[in-house]
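Subject: Structure for your review

Dear colleague,

Please find below the structure that I am handing over to you. I would ask you to keep it open while you read the findings that follow.

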Amino acid sequence: MKKLGFGLMRLPQNDPANAANVDVEQVKKMVDLFIEKGFTYFDTAWMYNGFASENVAKEALVDRYPRDSFTLATKLHAGFFNSLEDRDKVFNQQLEKTGAGYFDYYLLHGIEAAMLPKYEEFDCFNWLLDKKAKGLVKHAGFSFHDKAELLDKILTKHPEMEFVQLQINYLDWESEWIQSKACYDVATKHGVPVIVMEPVKGGTLAKIPEEAEKLFKNHDANMSVPSWAIRFAASLPNVMMVLSGMSNLAQMEDNLSYMEDFKPLTEEEKELCFKVADIINGQIAIPCTGCSYCTEGCPMKIAIPQYFSLYNEDMREHLEEKGWTVNFTNYSILAGKFGKAKECIECGQCEGVCPQHLPIIENLKKVSTHYDH
């Protein structure tokens, strides 16, 4: 397989206030182009796009192409089962929603220290192997959001896992918390292939500080900013697939332009990525990837990732000179549809599901201080 996968997580929407209202016609065009260029890997999950992603996969992909012409991956998340029967209930509904008949890759979703006991309690690793034995799953693995030490323990205990999905990008490569490099090294030590998620860190590495962008453009003016992030991840020898959550046809066209005939980064180009990472790390206020896991159960319906994005943009501005930015208006518009940052009741559900382990409650207080007057 070519190394670029279509992540069906940030699909184009008809209504920004309703993640489930997907622009299916545009997705069909994206799917057609993707397959036309020889790419086959599609990644979805139970809760993506307001629980609509798997349905969109059926309409845009499964119903329109022979089953053996594409590769489909989906996942079981610990937040959606509380019994042995629940596991099968979710799995069977996923088969129905996608119409796929079987899944080429199936993942236990977002394993980290707090969730691992639940996956073990309900025997999910053996459950997944049973699905494989029955031909309902071709390859069994898991996605992971924690420290390298825990990953080592899991792969040692479960050598039957055929792949692991990790957050890897040049910004998080040496991160003390995300530990992209350390986790990659553990997977490689165990001989387990890696699928990369968040290579562009939810768009953070698509829109970078001007100083950083100049470094890339001076080296190669023809390469887009996000291309550096995708190619960095794809250049790692033990990476079998890099997922990109493409949200429109233009993003897909850009990704295909350099991944169709992929050439790994040189050592000089890798070092350039790390220089850019240093610049970005010096300016980013809240390292949110915009995955929106936090919003699904928010009782106050607060648009957490959108508010963090606005706040990050403003923190890069020279506010002492401007005093006001358009994001104050953008915040007001969003607050007309969603809860304000100051309306957070500090229930903590968001922090419990955040893959980045962000102090969301404290960050919302910063956003509120900035925008709620």
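D43 lies in strand β2, which covers residues 41–43. Please note that the model is a predicted one. D43 is buried, with a relative accessible area of 3%. Its side chain forms a polar contact with the side chain of K75, at 2.9 Å. Apart from neighbours within four places in sequence, D43 is in contact with F6, G7, L8, Y48, A73, K75, Q165 and L243.

Two further buried residues are found in helices. N363 belongs to helix α17, residues 360–371. Its relative accessibility is 5%, so N363 counts as buried, the limit being under 20%. When residues up to four places away in sequence are not counted, N363 touches I286, F308 and L358.

L272 is located in helix α12, residues 267–281. L272 also counts as buried, at 11% relative accessibility. The residues touched by L272, not counting those up to four places away in sequence, are L215, F216, H219 and W228. With F216 there is a separation of 56 residues in sequence, while the C-alpha atoms of L272 and F216 are 7.5 Å apart in space.

Helix α11 (residues 249–259) may be considered next. Which residues of α11 are buried? They are M252, N255, L256, Y258 and M259. The elements that cover these buried residues include β1 (4–7), α1 (24–36), α10 (225–234) and β8 (239–244). The N-terminal end of α11 is capped by N248, which has a side-chain oxygen 3.2 Å from the backbone nitrogen of A250.

I now turn to the packing of helices. Two packed helices are described by the angle between their axes and the distance between the axes. Helix α1 and helix α3 (residues 53–62) pack at an angle of about 55 degrees, and their axes are 9 Å apart. The two helices α1 and α3 are therefore oblique to each other. The crossing of α1 past α3 is right-handed. On the α1 side, V24, V27, K28, V31 and I35 take part, and they meet V56, E59, A60 and L61 in α3.

A second pair consists of helix α7 (residues 148–157) and helix α8 (residues 180–189), whose axes come within 9 Å and cross at roughly 20 degrees. Because angles under 35 degrees count as roughly parallel, this description applies to α7 and α8. Their crossing is right-handed. The residues of α7 that meet α8 are A148, L151, D152 and L155. In α8, the partners are A182, C183, V186, A187 and K189.

Two residues deserve attention for their backbone angles. Most residues other than glycine have a negative phi, and most peptide bonds are trans. E198 is not a glycine, yet it has a positive phi of about 55 degrees. E198 sits in the loop between β7 (194–197) and α9 (210–219), and this residue is buried, with a relative accessible area of 11%. S292 likewise is a residue other than glycine with a positive phi, near 70 degrees. S292 is placed in the loop between α12 and α13 (304–316). Is S292 buried or partly exposed? S292 is partly exposed, with a relative accessible area of 27%.

Finally, there is the matter of the cysteines. How many disulfides does a search of the whole structure find? The search finds zero. A disulfide would require the two sulfur atoms to be within 2.5 Å. For C294 the closest cysteine sulfur is that of C291, again at 6.2 Å. Both residues lie under the limit for burial: C291 is buried with a relative accessible area of 17%, and C294 counts as buried at 7% relative accessibility.

With kind regards

Key:
Residues numbered from 1 in each chain as written. Predicted model: local features only at pLDDT ≥ 70, side-chain atom pairs only at ≥ 80, totals over all residues. Heavy atoms only, no water. Buried < 20%, exposed > 50% of the residue type's maximum accessible area, 1.4 Å probe, protein only. Helix = DSSP H or I, 4+ residues; strand = E, 2+ residues; numbered from the N terminus. Contact = heavy atoms within 4.5 Å. Polar contact = N/O pair within 3.5 Å; in protein donor to acceptor, adjacent residues only side chain to side chain. Axes fitted to C-alpha atoms, helices over the stretch in contact; angles between N-to-C directions. Parallel < 35°, antiparallel > 145°, perpendicular 65-115°, else oblique. Left-handed = near helix turned anticlockwise from the far one by under 90°.
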